[in-house]
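Open the model in a viewer and keep the selection tool at hand. The stops below say what to select and what is there.

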Amino acid sequence: MRRLRTALAAASGALALLAAVSGCGLKSGSPMVDDVVPGSVGRGLPLKGASLTVTSKNFSENIILGQMVGLVFKAAGAEVLDRTNLPGSISAREAIVKGDADAMYEYTGTAWITYQGNAKPITNPRAQWAAVRGADLKNGVTWLPQSTLNNTYSLGISQANNAKYHLRTLSDVAALSKKDPSAVTICVENEFASREDGLPGMQKAYGMAIPASHIQKMDAGIIYTQVSTSSSCLLGEVFTTDGRIKAMNLATLQDDKHFFPNYNAAPELHSRTYEKYPAIAGLLDPLSARLTTQVARDLNAKVDVEGRDPHDVALDWLVSQGFVKKR
């Protein structure tokens, strides 16, 4: 699975890597050399003289967001070390907590459930962000206001198949599973198939009756292809911001009972960094305000479908929005 959320199944490997390089501090990364200047943010160079490190997890969306943070910092006058694309959630999180990195975009649901150990999500996105922010202050981590970009789970269906079934919500899937059990086949990743915040919990919450024989387990990338091109998977586990949703002409079903947590992206900072450079809020708040789920889908598609470099995608978007300018 491309990012860790609840169970810390992938934590041991990431922590082992972290331990191997943290004895003398995390030194990897490369300087951002882009010749960018302020657009609508960064005027007056409020970060002039600062040396800041940005980080991210190792999937396209989070790398793009990490690159955006670094480029905005650079335009505002900072020297920036790029340490994006770290393996898993834990290594990037620990870099922020320990001060080996200064800023990244994190997801509220990941923090609330995985890092802070809560069993149930908070349905209201803003309330969940506020709870996460309050709890993380004691960890030396400061959260800035979240975006509406929500990279959560959903079920996807091809537009062609949905012309027959007209599914809009997960409740519709539950109704179909009872009315016509043979119609509902679903493809999911192994982890999603077994976790209580995945398929088993979703079936309980919605009263779905999907026979085990109608559930296929496979890698995430294959799921999108199978749902879009074959009849073996009517439905498939997808992430709501994945660029392949648009590219493969899939529809996503509304989680009308709010079973899945909200995974809103928000800047997460090492608190001492924020205390030293409070101007960071004025740099990143406008960026977050413009990041939506649809924007993320479009940007992710440029990387995952078109094969473009995340750094170039981030820079082009920032320029197109007027946040920064190329000199």
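Select E106 and K57: their side chains meet in a salt bridge, 2.6 Å from N to O. A salt bridge here is a side-chain nitrogen of Lys or Arg within 4 Å of a carboxyl oxygen of Asp or Glu. E106 lies in strand β5 (residues 103-107) and K57 in the loop between β3 (51-55) and α2 (60-75), so the pair ties together parts that are 49 residues apart in sequence. Helices (H or I, at least four residues) and strands (E, at least two) are DSSP runs, numbered from the N terminus. Both E106 and K57 are buried; buried means under 20% relative accessible area, exposed over 50%, and partly exposed in between (1.4 Å probe, protein chains only).

This is a predicted model, in which local features need pLDDT of at least 70 and side-chain atom pairs count only at pLDDT 80 or more, while totals for chains, interfaces and linings use all residues. Residues are numbered from 1 along each chain as its sequence is written, and side-chain values use heavy atoms, with hydrogens and water left out.

How many salt bridges does a search of the whole structure find? The search finds 9. For another, select D316 and R308, whose side chains meet at 2.6 Å, N to O. R308 is partly exposed at 29% relative accessible area, and D316 is partly exposed at 32%. K326 is in strand β13 (residues 324-326) and D316 in helix α15 (residues 310-320), 10 residues apart.

Next, select R93, D136 and E268, which a network of salt bridges links. R93 is one of the buried residues of helix α3 (residues 88-98), including also S89, I90 and A95. Just after α3, look at G99, which takes a positive phi of about 85°.

Move on to the rings. The whole structure holds 7 aromatic pairs, counted when ring centres of Phe, Tyr or Trp (its six-membered ring) lie within 6.5 Å; planes under 30 degrees apart are stacked, over 60 edge-to-face, and the rest tilted. Select Y153 and F260: their centres are 5.4 Å apart and their planes at 50°, so the pair is tilted. Y153 lies in strand β7 (residues 153-158) and F260 in the loop between β11 (250-252) and β12 (265-270), so the pair ties together parts 107 residues apart in sequence. Y153 is buried at 2% relative accessibility, and F260 is buried at 6%.
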